[in-house]
Amino acid sequence: MHIRSILYFLLITQFLCAQQSKIDFGKNKDGELWKITNDGVMGGLSEGGYEFSDDYVIFDGTVSLENNGGFSSYRSQYKKRDLSSYKKVIIRYRSKKYTMGFTLEMDKRWFVPYYKVNLPTTEWKWVKKEIEFSDFVRYNIGQKRSGKPTQEELRNILRLGFVSNEKKAGPFKIEIDYIKFE
């Protein structure tokens, strides 16, 4: 009986770990607790929103540069994630007319450095973009800085997100099927 309990525990643990390595916006609607943050927090006028289809989440809106605006974001709730055992992230998405960013944050304070990588437009074709963690760039208050994610930082990720990544006025749209860590 004891061995059966241990095997059951190992199977459940393996299942939960596998579940944590993929965020499925389609089938599982994993992004339902994610939030929109627009530049209105600083006086800007950009607008963004999200909705789910059967197979993906749609994040779209309009970026405005008025009142020092310039961004809209769709971000996960704060939750510690240990990504240190993974080497890369794979994002299946499609977008048009606007380069988006994918972010990794380690702190709740907006002025603390974070990491970001560009997700170029796909001209509305589905792609699987594989991104090594070493390809992420360090940012601080919107400015590129030197440095790559360390193992300690990857062990302490608090929030993931997508952000309009070009400081240009106009509409944006991205549809995201999943994020997978390998």
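Buried means under 20% relative accessible area, exposed means over 50%, and partly exposed lies in between, with a 1.4 Å probe and protein chains only. By that scale, Trp-124 is partly exposed at 24%. The structure is a predicted model: local features need pLDDT of at least 70, side-chain atom pairs count only at pLDDT 80 or more, and totals for chains, interfaces and linings use all residues. Residues are numbered from 1 along each chain as its sequence is written, and side-chain values use heavy atoms, with hydrogens and water left out.

**Overall build**

- The chain has two helices and 13 strands. Both kinds of element are DSSP runs numbered from the N terminus: helices are H or I with at least four residues, strands are E with at least two.
- Of the 182 residues in the chain, 43% are buried.
- The chain exposes about 10,400 Å², and carbon and sulfur atoms supply 52% of that area. Accessible areas come from the Shrake-Rupley method with a 1.4 Å probe; for residues, only the protein chains shown count as cover.
- Take the contacts between residues at least 6 apart in sequence: 73% of them join residues at least 24 apart. Contact means heavy atoms within 4.5 Å.

**Nonpolar core**

- The largest nonpolar core has 32 residues. Such a core is a set of buried Ala, Val, Leu, Ile, Met, Phe, Trp, Tyr and Cys residues joined through side-chain atoms within 4.5 Å.
- Ile-91, Phe-102, Leu-104, Phe-162 and Ile-179 touch the most other members.
- At least two residues of this core come from each of strand E4 (57-63), E6, strand E7 (100-105), strand E8 (114-119), strand E12 (159-164) and E13.
- E13 gives the largest share, five residues.
- Ile-179 is in contact with Ser-21, Lys-22, Ile-23, Phe-25, Trp-34, Val-89, Ile-90, Ile-91, Phe-102 and Phe-162, leaving aside neighbours within four places in sequence.

**Aromatic pairs**

- The whole structure holds 17 aromatic pairs. Rings of Phe, Tyr and Trp (its six-membered ring) pair if their centres lie within 6.5 Å; planes under 30 degrees apart count as stacked, over 60 as edge-to-face, and the rest as tilted.
- Phe-25 and Trp-34 form an edge-to-face pair, 5.2 Å centre to centre with 85 degrees between the planes. Phe-25 is buried at 0% relative accessible area, and Trp-34 is buried at 2%.
- Tyr-86 and Phe-181 form a tilted pair, 5.9 Å centre to centre with 40 degrees between the planes.
- Tyr-86 lies in the loop between strand E5 (72-75) and strand E6 (88-96), and Phe-181 lies in strand E13 (residues 170-181), so this pair ties together parts that are 95 residues apart in sequence.
- Tyr-86 counts as buried at 18% relative accessibility. Phe-181 is buried at 3%.

**Charges over rings**

- A charge sits over a ring if NZ of Lys or CZ of Arg is within 6 Å of the ring centre and within 35 degrees of the ring normal.
- Arg-94 lies over the face of Tyr-56, 5.9 Å from the ring centre.
- Lys-116 places its charged end over the ring of Tyr-139, 4.3 Å from the centre.

**Ser-84 and its surroundings**

- Ser-84 sits in the loop between E5 and E6. At 11% relative accessibility, Ser-84 is buried.
- Its side chain makes a polar contact of 2.5 Å with the side chain of Asp-82. A polar contact is a pair of N or O atoms within 3.5 Å; within protein, one must be able to donate a hydrogen and the other to accept it, and residues adjacent in sequence count only if both atoms are side-chain atoms.
- Not counting residues up to four places away in sequence, Ser-84 touches Gln-151, Leu-154 and Arg-155.
- Ser-84 and Ile-157 are 73 residues apart along the chain, with 9.3 Å between their C-alpha atoms.

**Positive phi outside glycine**

- Lys-97 is not a glycine, yet has a positive phi of about 65 degrees. Lys-97 lies in the loop between E6 and E7 and is exposed at 63% relative accessible area.
- Trp-124, also not a glycine, has a positive phi near 70 degrees. Trp-124 lies in the loop between E8 and strand E9 (127-132).

**Asn-140**

- Asn-140 belongs to strand E10 (residues 137-140) and is buried at 15% relative accessible area.
- Beyond residues up to four places away in sequence, Asn-140 touches Phe-111, Val-112, Pro-113, Tyr-114 and Arg-145.
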